[in-house]
Every structure is written in structure tokens, then in C-alpha cells.
Amino acid sequence: GEAFPGPCAPELREIMLFPGRGSRQAVTYAGHKTRFSTLFKENDINIKKKTHACRQYGARAADEAGLPDEDIARLGMWNLSQLQAKYLLTGLKPANLLAMGGWDIQLPHDRYWREAFMVMVPLELI
């Protein structure tokens, strides 16, 4: 049992998640695009912006975690209108949508259930 190195350990800084031609060389834009194009093709995923797929996920995950749009835009080096138009699924935050639906938006968010959500499905449809 060797202890795992700390997060600032020098040996961790040398690990390349997506190495280039050599293990100590960073991946180029062309190499990154080729790898992601192959990945998407092999998994039957049709996407235009192959090199930005991970950025879209990161922006959406940060949005769902409640990070303010201004902070997400700063981290992704976008202006706010680009972020809201191209990377987030909607310009509306979950709290806005809940308020529009008549829900109490104060934390904790554990009261979002109504009897109308219970639907009995006839057996012949199952």
C-alpha cells in the first residue's frame, strides 16, 4: 500500500490526460479533434462541435450545481450571451422554472411532489 500523492505533488503535474505524440507532449488541436471525432463516430454520436463537447458538459454541470452564469462564463472564457445561447440548455435557471410553476423556491428543495404526479397506468398499456 503506497500512499497516493497529494494533489500538488510534482509527479502528478507530469501526467497528460490526452498526451500528444510523446508521453510528455501536450496534445495538439488537430490531435484532440481526431480523437474526439473517432470517439463520437465509434459510438454513433452525431455532433458538429467535436472539440467543444466537453466544454458544453462542463458549463451545464456547473449551471445545474448552481454556479452563477457570470462565473461559468468567466471560467469558459465566454461572454454571457454566448454562454446562455450556445452552452446552457435554457436561459432559465431551475429556481426560475420552479417559481413559474408556482413552487416555493426556498431551500431545501425536497417538497416538489404533488398528487397530480401520481398516474395509474392501465395494465393493457404496460
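**Entry 1: the salt bridge**

I began with Asp 71, which forms a salt bridge with Arg 74, the closest N and O atoms being 3.1 Å apart. For a salt bridge I needed a side-chain nitrogen of Lys or Arg within 4 Å of a carboxyl oxygen of Asp or Glu. The structure holds one such bridge. I noted that this is a predicted model, where local features need pLDDT of at least 70 and side-chain atom pairs count only at pLDDT 80 or more, while totals for chains, interfaces and linings use all residues. Residues are numbered from 1 along each chain as its sequence is written, and side-chain values use heavy atoms, with hydrogens and water left out.

Where do Asp 71 and Arg 74 lie? I found both in helix α4, three residues apart, about one turn of the helix. Helices here are DSSP runs (H or I, at least four residues), as strands are (E, at least two), and they are numbered from the N terminus.

Next I looked up accessibility: buried means under 20% relative accessible area, exposed over 50%, partly exposed in between (1.4 Å probe, protein chains only). Asp 71 has a relative accessible area of 28%, so I wrote it down as partly exposed. Arg 74 comes out at 62%, so it counts as exposed.

**Entry 2: the whole chain**

I stepped back and counted six helices and zero strands in the protein chain. Along the sequence the pattern reads α-α-α-α-α-α. The chain has 126 residues, and 15% of them count as buried. I also checked contacts (heavy atoms within 4.5 Å). Among those between residues at least 6 apart in sequence, 19% join residues at least 24 apart.

**Entry 3: around α4**

Which residues of α4 are buried? My list has Asp 69, Ile 72, Ala 73 and Gly 76. Seen down the axis of α4, these buried residues fall within an arc of 100 degrees, so they line one face of the helix. The arc is taken from the directions from the helix axis to the C-beta atoms. On the other side of α4, I found Arg 74 and Leu 75 exposed. The cover over the buried residues of α4 includes α3 and α5.

**Entry 4: the largest nonpolar core**

I then went after the largest nonpolar core. Such a core is a set of buried Ala, Val, Leu, Ile, Met, Phe, Trp, Tyr and Cys residues joined through side-chain atoms within 4.5 Å. The largest has eight residues: Ala 59, Ala 62, Ile 72, Ala 73, Trp 78, Leu 83, Tyr 87 and Leu 88. At least two residues of this core come from each of α3 (53-64), α4 (69-76) and α5 (80-87). In soluble globular proteins, nonpolar side chains tend to be buried together.

What does Trp 78 touch, leaving out residues up to four places away in sequence? I got Arg 55, Ala 59, Ile 72, Ala 73, Leu 83 and Tyr 87.

**Entry 5: along α2**

Helix α2 has 14 residues, and I read 20 Å from its first C-alpha to its last, close to the 20 Å expected at 1.5 Å a residue. That expected span is 1.5 Å times one less than the number of residues. In α2, the buried residues are His 32, Phe 36 and Phe 40. Down the axis of α2 they fall within an arc of 55 degrees, so they line one face of the helix. Thr 34, Lys 41 and Glu 42 are exposed on the other side of α2. What covers the buried residues of α2 includes α3.

I looked at His 32 by itself: at 19% relative accessibility, it counts as buried. Not counting residues up to four places away in sequence, His 32 touches Val 27 and Thr 51.

For aromatic pairs, I took rings of Phe, Tyr and Trp (its six-membered ring) with centres within 6.5 Å; planes under 30 degrees apart count as stacked, over 60 as edge-to-face and the rest as tilted. By this rule I counted one aromatic pair. The rings of Phe 36 and Phe 40 have centres 6.0 Å apart and planes at 50 degrees, so the pair is tilted. Phe 36 and Phe 40 are four residues apart in α2, about one turn of the helix.

**Entry 6: two positive phi values**

Most residues other than glycine have a negative phi. I noted that Asp 44 is not a glycine, yet has a positive phi of about 55 degrees. Asp 44 is found in the loop between α2 and α3, and its 74% relative accessibility makes it exposed.

Met 77 also has a positive phi, near 60 degrees. I placed Met 77 in the loop between α4 and α5. With 73% relative accessibility, Met 77 counts as exposed.
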